[in-house]
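Student: I've got a model open and a few things I'd like to talk through. Can you take me around it?

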Amino acid sequence: MADAVIPPAVFRNLSDKLYEKRKNAALEVEGIVKSLAAAGDHEKISSVINLLTNEFTYSPQANHRKGGLIGLAAATVGLTTEASQHLEQIVRPVLFSFADQDSRVRYYACEALYNIAKVVRGDFIIFFNEIFDALCKLSADSDANVQSAAHLLDRLVKDIVTESDQFSIEEFIPLLRDRMNVLNPYVRQFLVGWITVLDSVPDIDMLGFLPDFLDGLFNMLSDSSHEIRQQADSALSEFLQEIKNSPSVDYGRMAEILVQRAASPDEFTRLTAITWINEFVKLGGDQLVPYYADILGAILPCISDKEEKIRVVARETNEELRSYKADPAEGFDVGAILSIARRQLSSEWEATRIEALHWISTLLNRHRVEVLSSLSDIFDTLLKALSDPTDEVVLLVLEVHACIAKDLQHFRQLVVFLVHNFRIDHSLLEKRGALIIRRLCVLLDAERVYRELSTILEGEADLDFASIMVQVLNFILLTSSELADLRDLLKQSLVNSAGKDLFVSLYTSWCHSPMAIISLCLLAQTYQHASTVIQSLVEEDINVKFLVQLDKLIRLLETPIFAYLRLQLLEPGRYTWLLKALNGLLMLLPQQSAAFKILRTRLKTVPSYSFSGDQVKRTSSGNPHPQIIHHIPCGSQISEDGDINQDVGACNSHNGINFTASLHQFEQMQRQHRMHAKMQALSRNSSTPSSKVRSKNNWTRVESTFRELWLLSG
């Protein structure tokens, strides 16, 4: 039937290799179809279209295919307003030709569809998804002419879509989403162009579907092409502005995407993501509460970003997030936030670790019960953080520990774990021991801390560690300004029950170190007992370590902390046992040592007179250490300096302190240390040289560090 309608010459010209002949043949086809349409003979029109499709567009000959495409476009022009009836027949072969191997055929397919679209306009929408898919592929075509033709067709299709009321955004979004992660730059430009155009149409709600393609847009921010990055950024900026002005936004789904993108290796992507998160935190309100943990996990690393702009926005977002007082009943997951903060405590960046600690502290203040229920998950990490290389982090960790330790149970647990960590991590005690203990004394009450440490060390099985630990505690006690009140309390040990209780509490563990006991007695003004302890020392006790510690003590006696002791030397009649104790220490020092000279010089300044009642009697001798005992009333007994007591038994007990039992306790502990030292010596003698070096290496280093500290204090 079609053969009879279209002359054979027209068929020949449609397949001619010359474009002009094909074009003229197409014009004849247009005229024929127009006549048939005017006559209402749609059956013959269908026959013509089928002939053009089967004999030409599906032909193995390229020129036939080109002619068929021109012919279909001409037929559509001839049909004009009636083209919609035959649109299915016409468009399918053209779409098929977009995948043709011949680039010229693909070009003519673009040209044909362009002409068809101009005629049918809105009726064209039913094929939109297929046309969009074809255009997406053609935008990356290897032939520049095909790309150019596809671009023209794309512009026309956009015009048709924006003016159509039949376009379905719901059907289009899956198509868009599936292509958003394509890496080809031409395809990316094509996609961003469509997103921008559709977003500009008032009747199309692209914002509602933003979570479906948001990740793809962020992915384009790291494209190697500056133009694509700029287009993606422009689209994102427009969407962010719409979000600010929109009353209803799905923040949750987008927050998940932003969290991932905030960790991008690309700087621009991170900055854009963290900027969006910042706006979301301000705008999202309760919607974002379930996502706080994920958002925090994205913010904390960015606080230490190498790019200043990112750091500034991240800090602002972090403060905004922390200021929002969410409730667990609203979906605020305290455990998840804690987990994020705990993980970030291991960050290599100091600023991130500090903010993680601020978060733990904030959660403790606001949700103490929930935090303590998850304490086992973070406690070990908090203890390890005490070894942090920066003081600021360590101080913050201690504040968190102090906040946890407000409860008696957790206080005991903290101190036990702390001592355990000091025992197994020698460098922690060496580098951070003094800082940690001093800060805890400020945060948790010095007396409470020292009593607990003393109780734990009293039963310490590792005698070497116990000795070193007691020396550290003793040094802090004698020198730290934070422990001034504790020193004042100990000075009242002989007249105050609270001072006595503290003295007795510390005494047992202080027995691990002879010099610590002597220091404690001098501080507590139990000078007679100090003298007795000094005289109880045996040959094995007076070794190099002992002499080094004695040197430190002598230098400390010259510091302002022991000013009261030096002033007491102005009254030798009242402080006989003090003189005896100091002379005892002098006798233990090598005469050529600096400490011997310091102490001897001090003792030479003691006045050579003493008090007996209301009379002042001077000795005839120039000896700086007067024999005061001759001036004490007959029948009196000196129990402790400053107190002449008629009770002969008072020398053994004063203010409830049983000094005889205390001396026995000290001697017993020192016997254990001497036995331990002998066992170690035997072990060293039977071990290899390398084992000998390793066995005491760690504690020697710790001792050396505190030896330097003591020497510096002088």
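Student: Which helix holds Glu370?

Tutor: Bear in mind that this is a predicted model. As for its place, look at residues 368-373, which form helix H20.

Student: Is Glu370 buried, partly exposed or exposed?

Tutor: Buried means under 20% relative accessible area and exposed means over 50%. Glu370 comes in at 32%, so it counts as partly exposed.

Student: And Met675, buried or exposed?

Tutor: Met675 sits in helix H35, residues 659-686. With Met679 and Leu682 it makes a nonpolar surface patch of about 340 Å². The cut-off for exposed is over 50%, and Met675 has 51% relative accessibility, so it counts as exposed.

Student: What is the phi of Asp445 near, and where does that residue sit?

Tutor: Asp445 lies in the loop between helix H24 (426-444) and helix H25 (446-458). Its relative accessible area is 44%, so Asp445 is partly exposed. Phi is positive there, in a residue other than glycine, with a value near 85 degrees.

Student: Gln525 has a positive phi too, near 65 degrees. Is Gln525 buried or exposed?

Tutor: Find the loop between helix H29 (514-524) and helix H30 (527-536); Gln525 is there. Buried takes under 20%, and Gln525 has 17% relative accessibility, so it counts as buried.

Student: What does helix H23 reach from its first C-alpha to its last?

Tutor: H23 covers residues 408-424, 17 residues in total. At 1.5 Å a residue, 24 Å is expected. The model comes close to that, at 25 Å.

Key: Residues are numbered from 1 along each chain as its sequence is written. This is a predicted model: local features need pLDDT of at least 70, side-chain atom pairs count only at pLDDT 80 or more; totals for chains, interfaces and linings use all residues. Side-chain values use heavy atoms; hydrogens and water are left out. Helices (H or I, at least four residues) and strands (E, at least two) are DSSP runs, numbered from the N terminus. Buried means under 20% relative accessible area, exposed over 50%, partly exposed in between (1.4 Å probe, protein chains only). The expected span of a helix is 1.5 Å times one less than its number of residues. Patches are made of residues with over 30% relative accessible area and no salt bridge: like charges are joined within 9 Å, nonpolar side chains (Val, Leu, Ile, Met, Phe, Trp, Tyr) within 5 Å. Accessible areas come from the Shrake-Rupley method with a 1.4 Å probe; for residues, only the protein chains shown count as cover. A salt bridge is a side-chain nitrogen of Lys or Arg within 4 Å of a carboxyl oxygen of Asp or Glu.
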